[in-house]
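Here is a short briefing on one protein chain. Keep the structure open while you read.

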Amino acid sequence: MKLKFLALLFFSIYFISVKAQESEIRKLNAYENVIVPVQFDSAKQENEYLLSSLTRHLLKQHGFNVFMDNETLPIAAQQDPCLNLRASVLTQGGMFAFTTEVTLVFYDCRNQIVYKAQGSSREKKFDKAHQEALRDAFDKFGGYRYAYEPLKKGEQHETQLQQKQSIQKQLAPQYNWEGKRYQLQKIELGYLLLDAEGNRKAVITENSDKQYLFNSADINGSLKIDTNQDLIVEYFNMQTGKQEKIILTAISQ
């Protein structure tokens, strides 16, 4: 009787653990694309141990839309970086380590962790050990297969909830950008960013998902307002092939 109880308890704990894991990994479905760096932060060179190309391959096997960070993103992904996840592979282990460990991490547009999985290997050769550990991390996906599930109208990713407040209450009267002063003018669709002479430099609009977009002649990206009322614009630079940002500093009157 006691053995049956322990077996039932073990099965219940395992079942709850599996369900929790499935719930966590399904958070990835809320994003359209995954961007994989050609060189991970912990790597000494591009595609070290072939981890970047292997990460791309394994993500595609699970059905993800994958782009290397030197590839051109779709227009929608350029204009709204919060549609994308950034994959990173952190490695541990060295000459005297018995195992090689890697952590596969998915970051959102505000550098918050959405999901992570760990893997390990006892292989002695560095390249094979890292590849085997990465495959072990992907094994945590189980039978999961990516299926894009866009947020319902009015919903936001957790890291975007800070924009619940009215944008008008968050804005400053004037802004400084590269040593020049700018002001905002309210229009039906949002706001115009005007220079000191009244010339239009950019348009700020709100989309159906309550996200703010910044569009100018050279920059098209997403806009966030921090606690200091500064405007942070994140965009994909087509010339450098990298995600970049500019900051318009609030000027108090």
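The buried residues of helix H4 are covered by elements that include H2, S3, S4 and strand S5 (113-121). This is a predicted model. The chain has five helices and 13 strands.

**Helix H4**

- The buried residues of H4 are Ala129, His130, Ala133, Leu134, Ala137 and Phe138.
- H4 has 14 residues, which should span 20 Å at 1.5 Å a residue. Its end C-alpha atoms are 20 Å apart, so the model agrees with that expectation.

**Helix H2**

- H2 covers residues 51-61, and its buried residues are Leu51, Ser52, Leu54, Thr55, Leu58 and Leu59.
- Seen down the axis of H2, these buried residues fall within an arc of 160 degrees, so they line one face of the helix.
- What lies over the buried residues of H2? The cover includes strand S1 (33-36), strand S2 (66-68), strand S3 (84-92), strand S4 (100-107) and helix H4 (126-139).
- Gly63 follows H2 and has a positive phi, near 95 degrees.

**The barrel**

- Eight strands close into a barrel, with antiparallel pairing. Their order is S6-S7-S8-S9-S10-S11-S12-S13.
- On average, neighbouring strands of this sheet are turned by 30 degrees against each other, direction ignored.
- Strands of a sheet pair through backbone hydrogen bonds, in either the parallel or the antiparallel sense.
- Strand S9 (residues 200-206) runs antiparallel to S10, and five bridges join the two. Thr205 stands opposite Leu213 in S10.
- Strand S10 (residues 212-216) is joined to S11 by four bridges, again antiparallel. Tyr212 has Leu223 in S11 as its bridge partner.
- Three residues link S10 to S11 in a hairpin.
- S11 also pairs with strand S12 (residues 231-237), antiparallel and over five bridges. Lys224 has Ile232 in S12 as its bridge partner.
- S11 and S12 form a hairpin too, with five residues between them.

**Strand S11 and Asn220**

- How many of the six residues of strand S11 are buried? Five are, so to look at S11 (residues 220-225) is to look at a mostly covered strand.
- Asn220 is in strand S11. At 31% relative accessibility, Asn220 counts as partly exposed, because buried means under 20%.
- Setting aside neighbours within four places in sequence, Asn220 is in contact with Gln78, Gln79, Phe214, Asn215 and Tyr235.
- Asn220 and Ile75 are 145 residues apart in sequence. In space, their C-alpha atoms are 9.3 Å apart.

- Asn47 is not a glycine, yet its phi is positive, at about 50 degrees.
- Asn47 sits in the loop between S1 and H2. Its relative accessibility is 24%, so Asn47 counts as partly exposed.
- Gln229 is not a glycine either, and its phi is positive, at about 75 degrees.
- Gln229 lies in the loop between S11 and S12, in the turn of their hairpin. Its relative accessibility is 26%, so Gln229 counts as partly exposed.

**The chain as a whole**

- Of the 253 residues of the chain, 42% count as buried.
- The chain exposes about 15,400 Å². Carbon and sulfur atoms supply 51% of that area.
- How many of the contacts between residues at least 6 apart in sequence join residues at least 24 apart? The share is 51%.

Key:
Residues are numbered from 1 along each chain as its sequence is written. This is a predicted model: local features need pLDDT of at least 70, side-chain atom pairs count only at pLDDT 80 or more; totals for chains, interfaces and linings use all residues. Side-chain values use heavy atoms; hydrogens and water are left out. Buried means under 20% relative accessible area, exposed over 50%, partly exposed in between (1.4 Å probe, protein chains only). Contact means heavy atoms within 4.5 Å. Accessible areas come from the Shrake-Rupley method with a 1.4 Å probe; for residues, only the protein chains shown count as cover. Two strands pair if DSSP finds at least two bridges between them. Axes are lines fitted to C-alpha atoms, for helices over the stretch in contact, and angles run from 0 to 180 degrees between N-to-C directions. The arc is that of the directions from the helix axis to the C-beta atoms. The expected span of a helix is 1.5 Å times one less than its number of residues.
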